[in-house]
Amino acid sequence: MGAPGPRVPAPITRRVFAHMLVLDVAMYAALFWRPYDDAGQMLVAHYIGFVAVSDIGALFLPAAKRQWFNVFRFSSGLSFLVLTVALAIQGLDGEVLALTILRCSLAGARMVHAAWLIRVCGPWLDHVRAFPALAWTSLRAGDTSLRLSGGLVLIAASAVYFPSVVFWLHDNDGVSGLDATLTGMGPQNGLNTYLKLFVFEVLIVLAAPRFAMRAAVAGLFAVQVPMMLDMFGDAPIPYAHLAVEAFLMVLALAAFRAWRAAPAGTRGIGARPGRGGP
């Protein structure tokens with residue numbers, strides 16, 4: 001007899017998934033409730049927004065794969081907890097102590113909730129160990145659209161190894177106290193945003209939900225650009241940040257073309273008769 005394969009993770013039910021979303025929305029509401037008249041607060045919100053926008057990708061995961069989202073819920077919850085404490089120590093988290101405590105409490109609750117769900121539903125260590133081989137096989141067997149998603153791993157690695165360069169894509173609005181804290185958050189965002197999106201790409205096998213996820217993420221990043229244009233333009237490396245938004249738009253366009261060209265049975269929702277649909 002051969003060695004047994006990895007245990008099959010328990011599915012995340014709709015009710016539990018709804019609980020996850022309610023907790024996450026409450027946490028983000030507290031994190032985004034900031035005195036935006038104060039210098040630097042828009043930059044803080046921008047760093048938080050990277051993770052928030054990419055979290056929307058979880059809505060397009062197959063129901064049987066939603067448990068993977070909890071890995072990143074735990075990781076980003078810890079990141080937000082560290083961020084809030086670091087800002088509070090420097091007096092940069094706003095003047096309302098109760099709001100700082102609420103942010104820490106909700107980020108901590110997200111971590112505990114995610115850890116409990118991982119314990120019950122997975123993914124467990126054997127699934128994490130098996131993922132690199134799954135990702136490599138998916139990229140080799142996938143079309144050009146899926147192979148392009150490998151660029152997300154390069155962005156994540158760049159954030160990990162060159163966090164100062166990532167921070168230099170933003171203007172600090174004259175608040176130098178943010179520099180160390182947000183530079184430290186750069187590698188965390190690389191993992192909690194771009195590596196997470198890559199994991200979602202591998203787990204989503206149908207063309208329609210992959211296109212929907214990419215379009216939603218790219219669109220939400222794009223609508224922020226007018227609000228962030230001064231931040232990008234006045235940065236030490238001006239406007240280079242827009243390359244990230246451009247890459248996400250390229251991913252969305254490639255996914256759209258792959259959806260239109262996909263054969264029956266692989267498109268998912270929205271298939272049209274005569275164009276690969278039933």
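This is a predicted model: local features need pLDDT of at least 70, side-chain atom pairs count only at pLDDT 80 or more; totals for chains, interfaces and linings use all residues.

**Entry 1: the cores.** Next I looked up the largest nonpolar core, which has 35 residues. I then noted another core lying apart from it, with 25 residues, among them Ala30, Leu31, Leu106 and Met228.

**Entry 2: a histidine in H2.** I moved on to His46, which I found in helix H2 (residues 41–55). Is His46 buried or exposed? His46 counts as buried, at 2% relative accessibility, because the cut-off for buried is under 20%. Its side chain joins that of His241 in a polar contact of 3.3 Å. Beyond four places in sequence, I listed His170, Gln224, Met228, Met231, Phe232 and His241 as the contacts of His46. Met228 is a name I had already written down, for the core of 25 residues.

**Entry 3: an asparagine in a loop.** Where is Asn172? I found Asn172 in the loop between helix H8 (163–167) and H9. Asn172 is buried even so, with a relative accessible area of 17%. I checked what its side chain does: it reaches the backbone nitrogen of Gly174 at 2.9 Å, and a polar contact of 3.0 Å joins it to the side chain of Asp179. Setting aside neighbours within four places, I noted Gly40, Leu43, Phe167, Leu178 and Asp179 in contact with Asn172.

**Entry 4: aromatic pairs.** How many aromatic pairs are there? The count comes to ten. I looked up Phe50 and Phe221, a tilted pair at 5.3 Å centre to centre with 55° between the planes. This pair links distant parts of the chain, as Phe50 is in helix H2 and Phe221 in helix H10 (residues 207–233), 171 residues apart. Both partners are buried: Phe50 has a relative accessible area of 7%, and Phe221 comes in at 3%.

My next pair was Phe211 with Phe256, whose ring centres are 5.4 Å apart and whose planes meet at 55°, so this pair is tilted too. Phe211 belongs to helix H10 and Phe256 to helix H11 (residues 242–261), so the pair ties together parts 45 residues apart in sequence.

Tyr28, Phe32 and Phe80 form one aromatic cluster. The charged end of Arg66 sits over the ring of Phe17, 4.3 Å from its centre.

**Entry 5: along helix H3.** Then I followed helix H3, residues 69–89. Its 21 residues reach 30 Å from first C-alpha to last, close to the 30 Å expected at 1.5 Å a residue. Which residues of H3 are buried? I wrote down Phe69, Asn70, Phe72, Arg73, Ser76, Gly77, Ser79, Phe80, Leu83, Thr84 and Leu87. What covers the buried residues of H3 includes helix H1 (14–32), H2, helix H4 (97–121) and H9. Just after H3, I noticed that Gly91 takes a positive phi of about 75°.

**Entry 6: a serine on H3.** I ended with Ser75, which lies in helix H3. Ser75 counts as partly exposed, at 29% relative accessibility. What do I find joined to the side chain of Ser75 by a polar contact? The partner is the side chain of Asn192, at 2.7 Å. I also looked up Ser75 and Ala115, which are 40 residues apart in sequence and 9.8 Å apart in space, C-alpha to C-alpha.

Technical notes. Residues are numbered from 1 along each chain as its sequence is written. Side-chain values use heavy atoms; hydrogens and water are left out. A nonpolar core is a set of buried Ala, Val, Leu, Ile, Met, Phe, Trp, Tyr and Cys residues joined through side-chain atoms within 4.5 Å. Buried means under 20% relative accessible area, exposed over 50%, partly exposed in between (1.4 Å probe, protein chains only). Helices (H or I, at least four residues) and strands (E, at least two) are DSSP runs, numbered from the N terminus. A polar contact is a pair of N or O atoms within 3.5 Å; within protein, one must be able to donate a hydrogen and the other to accept it, and residues adjacent in sequence count only if both atoms are side-chain atoms. Contact means heavy atoms within 4.5 Å. Rings of Phe, Tyr and Trp (its six-membered ring) pair if their centres lie within 6.5 Å; planes under 30 degrees apart count as stacked, over 60 as edge-to-face and the rest as tilted. A charge sits over a ring if NZ of Lys or CZ of Arg is within 6 Å of the ring centre and within 35 degrees of the ring normal. The expected span of a helix is 1.5 Å times one less than its number of residues.
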